[in-house]
Amino acid sequence: MVGWSEIRRFASRLPPASQAKWVRVESSVNLDASGNPDPYYVSIDMAAARHPQTLLATHLSGQRLTVEHGAPLRLLAPVKLGLKNVKAITKLAYDAQEPRDYWAERGYSHYDGI
């Protein structure tokens, strides 16, 4: 089993509709300060998602990811700030319209590139 995959390879197996411009990435494992579920969701533009260095990781150094390292699936997008590198992904979806974004709702840009 391959430990990582370019997200473009993922997209070739599950292609987006032609009008898709965004990938919505969700993780539902976060908890707020009171221990209540605090879903985390970000969006990345398709150009960043298709960048050859954008990866979906399942392994680290030949071993399955641990919870601390983002199991079961982690997004690594070097062309984005770290806040877009979602751990413990529970859902990936394509969107034609700009989707909600945890950090954009808190004043940051959807693009958050470096």
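This tour moves through a predicted model from its nonpolar core to its aromatic rings and then to its salt bridges.

Residues are numbered from 1 along each chain as its sequence is written, and side-chain values use heavy atoms, with hydrogens and water left out. Because the model is predicted, local features need pLDDT of at least 70 and side-chain atom pairs count only at pLDDT 80 or more, while totals for chains, interfaces and linings use all residues.

**Stop 1: the nonpolar core**

Select Val23, Val25, Leu75, Val86 and Ile89. These residues have the most contacts inside the largest nonpolar core, which has 13 residues. A nonpolar core is a set of buried Ala, Val, Leu, Ile, Met, Phe, Trp, Tyr and Cys residues joined through side-chain atoms within 4.5 Å. Buried denotes under 20% relative accessible area, exposed over 50%, and partly exposed in between (1.4 Å probe, protein chains only).

Next, colour β2 (22-27), β3 (40-45) and α2 (46-49), the elements that give two or more residues to this core. Strand β3 supplies the largest share, four residues. Helices (H or I, at least four residues) and strands (E, at least two) are DSSP runs, numbered from the N terminus.

**Stop 2: the aromatic cluster**

Select Tyr40, Tyr41, Tyr102, Trp103 and Tyr108, which form one aromatic cluster. Rings of Phe, Tyr and Trp (its six-membered ring) pair if their centres lie within 6.5 Å; planes under 30 degrees apart count as stacked, over 60 as edge-to-face and the rest as tilted. By this rule there are four aromatic pairs.

Centre the view on tyrosine 102 and tryptophan 103. Their pair is edge-to-face, at 5.2 Å centre to centre with 75° between the planes. Tyrosine 102 is buried, at 13% relative accessible area, whereas tryptophan 103 is partly exposed at 24%. Tyrosine 108 is partly exposed, with a relative accessibility of 43%.

What lies over the face of tyrosine 102? Display arginine 106, which is placed there at 3.6 Å from the ring centre. A charge sits over a ring if NZ of Lys or CZ of Arg is within 6 Å of the ring centre and within 35 degrees of the ring normal.

**Stop 3: the salt bridges**

A salt bridge is a side-chain nitrogen of Lys or Arg within 4 Å of a carboxyl oxygen of Asp or Glu; the count comes to six.

Select arginine 24, which is buried at 18% relative accessibility. Its side chain meets glutamate 26 in a salt bridge of 2.9 Å, N to O, and aspartate 95 in another of 2.7 Å. Aspartate 95 lies in strand β8 (residues 91-95) and arginine 24 in strand β2, so the latter bridge ties together parts that are 71 residues apart in sequence. Aspartate 95 is buried, at 18%, while glutamate 26 is partly exposed, at 23%.

Finally, select glutamate 105 and arginine 100, whose closest N and O atoms are 2.8 Å apart in a salt bridge. Glutamate 105 is partly exposed at 41%, and arginine 100 is exposed at 55%. To finish, return to Arg24, Glu26 and Asp95, which salt bridges with shared partners join into one network.
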